[in-house]
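This briefing is intended to be read alongside the sequence and the three-dimensional model. Please keep both in view while working through the points.

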Amino acid sequence: YFLVSVPDNIQRISLASSFAGDSWKEQDSDTNEISEALHKFVAVSVREDSGVLICNQVFNIPATQLVDPTLALGDFTCFISRNLKERNEVLFYSFKSDGYVKKVVDYITTKTGAKARSITIVKRNERNKYLLAHPFSLGPKDWLNYIARSKYIVTDSFHGIIFSILNHRQFVAVRAHEDRFSRIESFLKHLCLQNRIALTFEEFVSNYEQYMSPIDYKYVDEIITSQRELFYSFIRKNIK
């Protein structure tokens, strides 16, 4: 993963890499070996602000923060059905469906009258509550179209959030794993969308109107455009 087998005359560049967590917890022997490998890179870029700190403080190398490559590419309209119409549905996509995500979904459906659709595995005794799309039968186009047509999205998935944003959907970001949430938190902070994060069900209920208020996507798109330019500028600058 750190290109240790690449010949020394080949340029090594890290493009929007991720440490997944917000801190470095590896053994000293691994840290030293990785540090030696990273110092052979001509340029390093990471996705999270915590990743920049890890590079600086642990490995003593400079790092540039860039958006996720999915957001840099941006245009996935070729995968979206042309005649797609918005449905009054709350879509939930979660890696930890036994958490508070279902409570958030149920609260929204009760308040709005929208239907709930799951592209997450749910327990047998809960299946009559949701419109189901079995996750193992979904292809990439199906997955994208479900997001693009839903009125609301509730998810703990990083790329679920990205595609919600790219399709200008209203969404709530919930937390499945505390030690892996820094990527989502950092990303949304950069887009000034940290107010879409609900760390607990109680927090969501207390600030319901805030979470359900329309997102100003004109402003968000302006930030994405500038971040996308930084992404491609990094490539142009470092590939010689």
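The points below cover the nonpolar cores, the aromatic pairs, the strands and a few individual residues.

The structure is a predicted model. Its largest nonpolar core has 38 residues, and 14 aromatic pairs are counted. Three strands, in the order S1-S2-S3, form an open sheet with parallel pairing.

**Nonpolar cores**

- Ile165, Phe171, Phe187 and Leu188 have the most contacts inside the largest nonpolar core, a set of 38 residues.
- At least two residues of this core are supplied by each of the following elements: helix H3 (69-73), strand S4 (87-93), helix H5 (140-149), helix H6, strand S8 (170-174), helix H7 (182-190) and helix H10 (217-238).
- H10 provides the largest share of this core, with 6 residues.
- In general terms, nonpolar side chains in soluble globular proteins tend to be buried together.

**Surroundings of phenylalanine 171**

- Apart from neighbours within four places in sequence, phenylalanine 171 is in contact with Ile153, Ile161, Ser164, Ile165, Leu188, Leu193, Arg196, Tyr211, Ile215 and Tyr217.
- One of these contacts, arginine 196, lies over the face of the phenylalanine 171 ring, at 6.0 Å from the ring centre.

**Aromatic pairs**

- The count of aromatic pairs comes to 14.
- One of them joins phenylalanine 76 and phenylalanine 163 in an edge-to-face arrangement, with 4.9 Å centre to centre and 75 degrees between the planes.
- This pair links distant parts of the chain, 87 residues apart: phenylalanine 76 is in the loop between H3 and S4, and phenylalanine 163 is in helix H6.
- Phenylalanine 76 counts as buried because its relative accessibility is 17%, and phenylalanine 163 counts as buried because its value is 8%.
- Tyrosine 107 and tyrosine 208 also form an edge-to-face pair, with 5.4 Å centre to centre and 70 degrees between the planes.
- The tyrosine pair likewise links distant parts of the chain, with tyrosine 107 in helix H4 (residues 101-112) and tyrosine 208 in helix H9 (residues 208-212), 101 residues apart.
- Tyrosine 107 is partly exposed, with a relative accessible area of 22%, whereas tyrosine 208 is buried at 10%.
- The charged end of lysine 111 sits over the ring of tyrosine 208, 5.7 Å from the ring centre.
- Phe76, Phe79, Tyr93, Trp143 and Phe163 are linked into a cluster by ring pairs.

**Strand S4 and its partners**

- Strand S4 is largely enclosed by the rest of the structure, because 5 of its 7 residues are buried.
- S4 pairs with S7 in the parallel sense over 5 bridges, and serine 150 in S7 is the bridge partner of arginine 87.
- S4 also pairs in the parallel sense with strand S5 (residues 115-118), over 4 bridges; leucine 91 stands opposite arginine 117 in S5.

**The open sheet S1-S2-S3**

- The sheet has 3 strands in the order S1-S2-S3, with parallel pairing.
- Strand S1 (13-17) and strand S3 (64-65) each have a single partner strand and stand at the edges, so one side of each is left without a neighbour in the sheet.
- S1 and strand S2 (residues 43-46) pair in the parallel sense over 3 bridges, and serine 17 stands opposite valine 46 in S2.

**Aspartate 156**

- Aspartate 156 is located in the loop between strand S7 (150-155) and helix H6 (158-166).
- Aspartate 156 counts as buried because its relative accessibility is 8%, which is under the 20% cut-off.
- Its side chain makes a polar contact with the side chain of serine 94, at 2.6 Å.
- Leaving out residues up to four places away in sequence, aspartate 156 touches Tyr93, Ser94, Phe95, Lys96, Val174, Arg175, Ala176 and Ile184.

- Alanine 16 has a positive phi of about 50 degrees although it is not a glycine.
- Alanine 16 lies in strand S1 and counts as buried at 1% relative accessibility.
- Asparagine 60 likewise has a positive phi, near 55 degrees, and is found in the loop between helix H2 (49-57) and S3.
- Asparagine 60 counts as exposed, with 63% relative accessibility.

Methods:
Residues are numbered from 1 along each chain as its sequence is written. This is a predicted model: local features need pLDDT of at least 70, side-chain atom pairs count only at pLDDT 80 or more; totals for chains, interfaces and linings use all residues. Side-chain values use heavy atoms; hydrogens and water are left out. Buried means under 20% relative accessible area, exposed over 50%, partly exposed in between (1.4 Å probe, protein chains only). A polar contact is a pair of N or O atoms within 3.5 Å; within protein, one must be able to donate a hydrogen and the other to accept it, and residues adjacent in sequence count only if both atoms are side-chain atoms. Contact means heavy atoms within 4.5 Å. A nonpolar core is a set of buried Ala, Val, Leu, Ile, Met, Phe, Trp, Tyr and Cys residues joined through side-chain atoms within 4.5 Å. Rings of Phe, Tyr and Trp (its six-membered ring) pair if their centres lie within 6.5 Å; planes under 30 degrees apart count as stacked, over 60 as edge-to-face and the rest as tilted. A charge sits over a ring if NZ of Lys or CZ of Arg is within 6 Å of the ring centre and within 35 degrees of the ring normal. Two strands pair if DSSP finds at least two bridges between them.
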